[in-house]
Structures are given as structure tokens and as C-alpha cells.
Amino acid sequence: MSVRNAPAAVRIAYWFWIVAIITALTELAARFLSDPRGPMQAISESGTELAVRTCAYVLLFLLSTFMRRGSNVARHLLTLIYGGLGTLSPGAGTDHVARGRWRCTELHQ
């Protein structure tokens, strides 16, 4: 299937995934640039995170491109990996907040 022949919903979904990648990269850059220790120090201490995020974004881009070209497998993987697991990720690191171990002063240290 040609990209031009893809249904409108698939073309729109593709652009939503691309916007999600751009938003995530913008958030990451803002976090590094606003780090009080300086961006280079923040980046140098985030090697594993950067590697995982890079793999995730490349996989997301590839799957969304294959989805746009008509691959149902890519569509299902996008739904399961990024839709399903992505929905769970915002709550994954919040148990320290629920237990009262997080304080506002920790943000400025």
C-alpha cells in the first residue's frame, strides 16, 4: 500500500506518533538545559536513560512508518508497546510520592 492510499485515520495516527516523538525530545532537552549542574553534566550522568530513550524513539519511528505503509503488525505493536505500556509508565515511578518520601526541597538540591 502506498502512503498516499493509506486511510486518513492511519495518516493522522502517524503524525500523532511523530508529534509524540518531538514532544518527548523537547521535554528531554528542556530537562537537560534546565539542570542546575549544567546540561553537559546532566547528559553525562544519563547514559543509560539516553540509550533506552533513543532505542524507544527509533523503534517508535520505524513502527509508525511501517504502520503508515500498511503493516497491521506494526499497528498492533504500536498499540501494545507504546499505547499499553505507555499508559502505565506515568504511574511507574510515583510510589515514593505515595509513601511521603518526596519533598519539594529535593527539587532544588
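Here are some questions and answers about this predicted model. Residues are numbered from 1 along each chain as its sequence is written, and side-chain values use heavy atoms, with hydrogens and water left out. Because the model is predicted, local features need pLDDT of at least 70 and side-chain atom pairs count only at pLDDT 80 or more, while totals for chains, interfaces and linings use all residues.

Q: How many helices and strands are there in the chain?
A: Helices (H or I, at least four residues) and strands (E, at least two) are DSSP runs, numbered from the N terminus. Read along the sequence, the pattern is α-α-α-α-α. So the count comes to five helices and zero strands.

Q: Is H1 roughly parallel or roughly antiparallel to H3?
A: Helix H1 covers residues 8-33 and helix H3 covers residues 47-68; their axes sit 9 Å apart, at an angle of about 165°. Axes here are lines fitted to C-alpha atoms, for helices over the stretch in contact, and angles run from 0 to 180 degrees between N-to-C directions. Under 35 degrees counts as roughly parallel, over 145 as roughly antiparallel, 65 to 115 as roughly perpendicular and the rest as oblique. That angle therefore makes H1, relative to H3, roughly antiparallel.

Q: By class, which residues does the contact of H1 with H3 have?
A: Ala, Val, Leu, Ile, Met, Phe, Trp, Tyr, Cys and Pro count as nonpolar, Asp, Glu, Lys and Arg as charged, and the others, Gly among them, as polar. Sorted that way, the contact of H1 with H3 has 16 nonpolar, two polar and five charged residues.

Q: Is Ser64 buried or exposed?
A: Ser64 is found in helix H3. Skipping neighbours within four places in sequence, Ser64 is in contact (heavy atoms within 4.5 Å) with Tyr14, Trp17, Ile18 and Leu78. Buried means under 20% relative accessible area, exposed over 50%, and partly exposed in between (1.4 Å probe, protein chains only). Ser64 has a relative accessible area of 0%, so Ser64 is buried.

Q: Which residues is Leu63 in contact with, leaving aside its neighbours within four places in sequence?
A: Leu63 lies in helix H3 and counts as buried because its relative accessibility is 8%. With those neighbours set aside, the contacts of Leu63 are Ala74, Leu77, Leu78 and Tyr82.

Q: What separates the C-alpha atoms of Arg53 and Ala24?
A: Arg53 lies in helix H3. Not counting residues up to four places away in sequence, Arg53 touches Ala24, Glu27, Leu28 and Arg31. Arg53 and Ala24 are 29 residues apart along the chain, and their C-alpha atoms are separated by 9.2 Å.

Q: What share of the 109 residues in the chain do buried residues make up?
A: The chain exposes about 7900 Å², with carbon and sulfur atoms supplying 68% of it. Such areas come from the Shrake-Rupley method with a 1.4 Å probe; for residues, only the protein chains shown count as cover. Of the 109 residues, the buried share is 19%.
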